[in-house]
Amino acid sequence: MAKEDFAQQNVARHLRVGRNFRTKGSNDNANLGWSLSLFIVVLMPFLGALLPGVLYPAGRRTCALGTLSVTLIALIGLISNFPALLAGETVTARIEWMPALGLNATFFLDPLGAFFATLILGIGLLIIAYGRYYLSSSDNMGEFYTYLLLFQGAMVGIVLSDNILMLLVFWELTSLSSFLLIGYWRHLAEGRQGARMALTVTGMGGLAMIGGMLILGQIAGSYDLTVILENRDAIQESDLYLPALILILLGCFTKSAQFPFHFWLPHAMAAPTPVSAYLHSATMVKAGIFLMARMWPVLSGSEAWFWLVTGAGLITVVLGAVISFFKHDLKAILAFSTVSHLGLITMLLGTGTAFGAMTAIFHILNHATFKAALFMSAGIVDHEAHTRDIRRLGGLRHLMPVTATIATLAALSMAGIPLFNGFVSKEMWLEEALHTEFFASPYFVAAICTIGALFSAAYSFRFIFHTFFGDTRRDYPSHPHDPNPGMWLPPAFLVCLVLIIGMAPFLAEPLVKFVTAAVLGNTAEVPTYHLAIWHGFKPPLYLSGIAVAGGILLVLLHAPLQRLWDATPRPEAKSIFEGLIAGCVWVARRITCGLHDGSFTRFAAILMVAIVAGGAHAYFTGNATAATRDMQPASVVAIATWAMLIAATGFLVAAHRKRLAALILIGIIGLIVSVAFAFFSAPDLAMTQISVEVVTIVLMLLALNFLPKETPVESSALRRLRDGAIGCVGGLGAGALCYYLLVRESVAPPISDYHLENSYAGGGGTNVVNVILVDFRGFDTFGEIIVLGIAALVIYALTEALLRGPVRARLLNRTPESPLAGDRHPLMMVVLTRVIMPVLLMIGIYIFLRGHNLPGGGFIAGLVVAVAVVQQYMASGYAWATQRQRYPYHGIVGAGVLIAGLTGIGAWFTGYEFLTSSFTYIKLPLLDEFEVASAMGFDLGVFLAVLGAVMLSLESFSRLARRAHTTDSLHAMDIDPSRDDQTEGDH
Amino acid sequence: MEFLVASGIGVLTAAGIYLVLRLRTFPVIVGTALLTYAVNVFLFASGRLTVGAPPILTDAERYADPLPQALVLTAIVISFGMTAVVVVIALGAYLGSDDDHVDEQEGALDTARKLESAE
């Protein structure tokens with residue numbers, strides 16, 4: 001099957017049967033209101049992220065305006081889709097990317113996505129305007145806005161993605177951009193630690209979620225959200241539902257700071273305040289909530305969902321609210337309050353009722369408005385008074401009346417006071433709590449929620465009274481006053497929304513119901529409940545009253561309560577987290593350093609033993625089949641060659657301390673291997689092996705020139721025995737595996753028949769090996785010559801580094817260990833190499849030209865020509881040869897890679913894929929008919945790259961050698977009878 | 001014949017492993033060269049052994065498997081590049097410290113401790 005596919009693909013390539021592109025998608029979605037603007041909405045922030053950095057030098061105002069316009073364009077693009085949305089359509093935009101993997105760039109806009117996207121972009125606008133005045137002149141505003149836009153794009157991507165794999169990518173992008181934003185003030189250790197903690201926690205959650213989403217995709221058979229959302233029954237009945245649910249909830253809970261992952265959010269407050277307001281109250285922390293709402297139709301309603309989500313939400317509500325009450329930092333108070341409110345929303349989603357979902361959506365809206373306004377107010381206070389410590393504040397209402405008004409109104413909404421929007425959704429929350437049973441008691445949840453609401457009122461009142469009321473003080477770090485309107489207008493706008501929704505909740509009702517319908521999907525009806533301030537004297541109102549009265553009482557008792565709180569020992573999340581991280585690092589380090597303590601020998605031994613152990617495991621657990629091939633008879637010559645190989649290897653091991661002898665033996669072994677290649681029908685391999693052997697030996701000789709000539713005996717007999725044992729076992733394994741393979745047919749038929757059949761028809765050559773190299777698998781070869789070129793450049797660079805460092809002096813001052821030959825460039829050798837050179841070059845060209853049809857080709861020709869050139873270096877020395885070297889070897893390598901690449905690109909102009917070859921036959925006068933194939937251009941590139949790479953490496957080595965000797969003869973030979981001056985070569 | 005090739009590969013591997021585990025750079029380089037031979041021949045042999053039928057298209061009925069040959073051909077050339085890089089690194093280390101040991105010599109250094117003290 002695989003073979004057929006492969007064959008079809010290649011036949012298509014070679015027989016030019018059109019392209020393998022399918023233009024799918026546009027037709028399918030024609031009836032769904034396909035929208036380009038949706039792409040623009042998602043892409044705009046990413047593209048626009050380049051803008052602030054470019055505009056920053058033009059001034060802060062331009063930079064902020066540029067950023068603002070990017071967000072505004074995205075928002076307009078979004079709003080332009082609203083008419084379709086209101087008409088009941090779902091707007092989609094789709095590009096098939098990797099359909100085989102189920103990974104497509106698919107976006108869709110439904111009321112829920114539109115609601116969140118509007119929140120993200122709308123509050124984004126306010127934050128950008130606010131940030132313009134918040135950042136000081138020493139902050140790099142361009143960098144800040146770039147990160148902010150990256151975040152914005154990622155966030156919009158999450159809420160608009162239809163493909164869950166894409167959603168995951170955007171999800172992780174929000175973690176990354178939030179990391180950059182929290183750590184924006186790099187000089188603050190808190191910022192760096194907070195950023196790291198946020199990334200670790202949310203990143204880990206994201207990883208868990210990837211697992212959950214993949215399971216979900218497997219169950220539903222598609223990675224498209226729209227499809228998954230329609231498969232509620234299949235998913236809930238699946239055995240994998242629970243693992244998928246837990247993994248996805250891990251992602252949501254970490255992102256939305258639910259217990260027990262709530263601890264990162266307060267530490268993320270080290271970020272600049274616009275970031276806190278944007279990411280950590282209005283948008284990013286809502287991503288988890290968003291996903292729970294998005295997945296609500298398929299995941300909710302089960303026992304597990306109810307207990308996990310409602311439970312985590314309830315704990316978080318109370319925990320966040322209580323801690324918040326005892327914090328002194330304004331932003332910490334708001335952070336824990338955010339944790340608490342997120343818990344509230346989570347709990348509402350957890351109940352699994354339509355009313356709960358509606359309340360959650362309403363509270364998301366309300367929380368985003370009042371909390372962002374509060375964060376911005378806290379930022380103003382910090383900006384003006386230079387402190388956020390509530391103990392050092394108080395009485396600010398006289399000094400900054402505007403800010404005080406804004407903050408007070410927003411905080412009253414947070415406390416749940418009537419006529420503010422927080423009140424309306426809190427009433428609905430308490431209503432829902434009264435209808436939720438936990439531990440078979442209808443009062444349990446309501447009691448917990450009331451405690452949460454009570455503390456919520458308490459910290460809100462404390463925020464108001466301890467910051468703005470009381471006597472004006474004289475010891476503020478800086479004299480506070482109301483800031484530039486640019487800073488207070490954004491929160492003022494939000495507070496207007498707070499008041500409008502608070503006093504006329506029916507205005508928000510269509511929106512909330514519209515979005516709720518999208519959350520519910522077709523699982524439930526939207527409740528008929530009307531959003532209103534007054535629902536009569538009902539239990540929620542009593543609970544609200546208790547909460548507000550209790551809140552006031554708590555604020556009055558704050559001082560003694562605070563002393564009690566400070567005296568109570570509590571687990572400190574940060575130190576636990578740091579300890580956990582340190583523990584992980586310790587374990588990882590023990591394992592890594594236990595295996596790899598810096599000793600290569602030890603590591604190599606462990607590696608070998610591990611490989612042998614793996615092989616042994618496979619051997620003892622696998623099933624061996626009977627041999628299916630007969631052994632071929634061995635001739636006497638073959639046995640003799642085998643005996644020579646064994647003997648040479650044996651001698652090599654025995655005599656490896658004599659390094660020169662070892663080199664000679666390696667040469668012999670290499671020769672035997674190339675003979676074996678020739679014998680077993682691989683002439684190309686034999687030729688390659690033998691020419692590589694020559695250059696390798698030359699290279700090793702050059703190196704040995706500097707290295708000690710003998711290896712001393714150092715290791716103990718026991719250790720040699722141990723190494724010998726490892727070697728023997730490894731060798732036995734390799735030999736046995738090979739033997740096993742050789743006497744059996746392949747499990748699946750090899751794809752080589754295809755190559756043999758199409759080599760001439762499709763590639764125009766009869767040497768199948770060469771056609772495979774330059775045509776069938778040309779892309780591999782292209783990569784390989786690049787690797788070879790890089791290796792040569794690495795050698796060159798390392799040599800350069802050596803020659804510039806302290807090694808140079810050592811090389812220059814070094815005295816040879818053995819006396820040098822009196823005649824370094826002997827006459828006979830020089831003459832011989834000069835005679836051989838044209839012969840070798842001709843052979844090289846011949847081998848190159850015939851390569852497509854007979855054994856040969858660019859690789860071998862390159863090596864042969866390299867050997868011809870190396871001989872000249874050996875005979876007449878580096879200086880002489882270099883003087884005659886016209887083109888630098890790097891250039892030759894580069895030219896080779898370029899020619900090969902351009903030949904491949906050439907195929908584009910005739911409408912074929914990269915590296916498709918074409919060929920024709922021409923007849924030149926005096927010569928036989930011969931073939932011109934574009935593959936030949938490619939082979940020329942291979943030839944040049946191999947030649948250049950080999951020569952560049954050898955030249956680098958001989959440069960080291962050249963510096964070692966002080967004199968360099970520019971003559972071809974030392975003793976030249978035709979030359980008068982005979983002294984120059986002596987030294 | 002198959003036995004000869006398999007045992008040849010086994011012997012080359014055994015010698016290669018033994019030499020790679022030596023303490024000086026030169027035998028290690030020689031050892032990797034031996035392992036390279038062994039691996040190349042092994043890969044080549046995965047196309048099974050065929051005598052007298054090179055993959056040059058003629059009227060013949062039977063050809064050796066060309067694909068492993070093509071793969072091994074580039075492997076041979078690349079292994080030259082690899083050997084050259086390893087040799088230059090070994091040479092640089094030797095010239096820089098006048099010591100051609102593979103492992104660091106000044107006492108047994110506990111890497112973990114070194115890392116911890118660096119913090």
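# Briefing: helix packing, cavities and backbone features

In chain A, the axes of helix 4 (residues 60-79) and helix 6 (residues 111-134) come within 10 Å and cross at roughly 170°. The model is a predicted one.

**Helix 4 with helix 6 (chain A)**

- Angles over 145 degrees count as roughly antiparallel, and helix 4 of chain A and helix 6 of chain A are therefore roughly antiparallel to each other.
- The crossing of helix 4 of chain A and helix 6 of chain A is left-handed.
- Helix 4 of chain A contributes residues including Arg60(A), Arg61(A), Ala64(A), Leu68(A), Leu72(A) and Leu75(A) to the contact, while those from helix 6 of chain A include Ala114(A), Ala117(A), Leu121(A), Gly122(A), Leu125(A) and Arg132(A).
- By class, the contact of helix 4 of chain A with helix 6 of chain A has twelve nonpolar, four polar and three charged residues.

**Helix 32 with helix 39 (chain A)**

- The axes of helix 32 of chain A and helix 39 (residues 858-876) of chain A come within 9 Å, with a crossing angle of roughly 25°.
- This angle makes helix 32 of chain A roughly parallel to helix 39 of chain A.
- Helix 32 of chain A passes helix 39 of chain A in a left-handed crossing.
- On the side of helix 32 of chain A, the contact is made by Asp684(A), Met687(A), Thr688(A), Ser691(A), Val692(A), Val694(A), Val695(A) and Val698(A).
- On the side of helix 39 of chain A, the contact is made by Ile860(A), Leu863(A), Val867(A), Val870(A) and Met874(A).
- The contact of helix 32 of chain A with helix 39 of chain A comprises ten nonpolar residues, two polar residues and one charged residue.

**Helix 19 with helix 24 (chain A)**

- Helix 19 of chain A and helix 24 (residues 485-503) of chain A have axes that come within 9 Å and cross at roughly 150°.
- Helix 19 of chain A and helix 24 of chain A are therefore roughly antiparallel to each other.
- Helix 19 of chain A passes helix 24 of chain A in a left-handed crossing.
- Among the contact residues are Phe362(A), Leu365(A), Phe370(A), Met376(A) and His383(A) of helix 19 of chain A, together with Trp488(A), Pro490(A), Pro491(A), Leu494(A) and Ile501(A) of helix 24 of chain A.
- The contact of helix 19 of chain A with helix 24 of chain A has 16 nonpolar, three polar and no charged residues.

**Largest cavity**

- Helix 32 (683-704) of chain A, helix 2 (25-45) of chain B and helix 3 (66-97) of chain B each supply at least two residues of the lining of the largest cavity.
- Helix 32 of chain A gives the most to this lining, with five residues.
- The lining of the largest cavity divides into seven nonpolar, six polar and one charged residues.

**Second largest cavity**

- The second largest cavity has a volume of about 100 Å³.
- Of the 16 residues that line the second largest cavity, His341(A), Leu344(A), Met414(A), Trp429(A) and Ser456(A) are the closest to its centre.
- Helix 18 (330-350), helix 19 (354-385), helix 21 (401-415), helix 22 (421-434) and helix 23 (444-468) of chain A give two or more residues to the lining of the second largest cavity.
- Helix 23 of chain A gives the most to this lining, with four residues.
- In the lining of the second largest cavity there are seven nonpolar, eight polar and one charged residues.

**Backbone features in a loop of chain A**

- Most residues other than glycine have a negative phi, and most peptide bonds are trans.
- The peptide bond from Phe259(A) to Pro260(A) is cis, with omega near 5°.
- Pro260(A) lies in the loop between helix 12 (241-255) and helix 13 (264-267) of chain A.
- Ala257(A) has a positive phi of about 55° although it is not a glycine.
- Ala257(A) is placed in the loop between helix 12 and helix 13 of chain A.

Notes
Residues numbered from 1 in each chain as written. Chains lettered and ligands numbered in written order. Predicted model: local features only at pLDDT ≥ 70, side-chain atom pairs only at ≥ 80, totals over all residues. Heavy atoms only, no water. Nonpolar A, V, L, I, M, F, W, Y, C, P; charged D, E, K, R; others polar. 1 Å grid on protein atoms, 1.4 Å probe; cavity = no way out; pocket = protein on both sides within 12 Å on 5 of 7 lines; lining within 4 Å. Points joined across faces, edges and corners; volume = space filled by probe spheres on them. Axes fitted to C-alpha atoms, helices over the stretch in contact; angles between N-to-C directions. Parallel < 35°, antiparallel > 145°, perpendicular 65-115°, else oblique. Left-handed = near helix turned anticlockwise from the far one by under 90°. Contact = heavy atoms within 4.5 Å.
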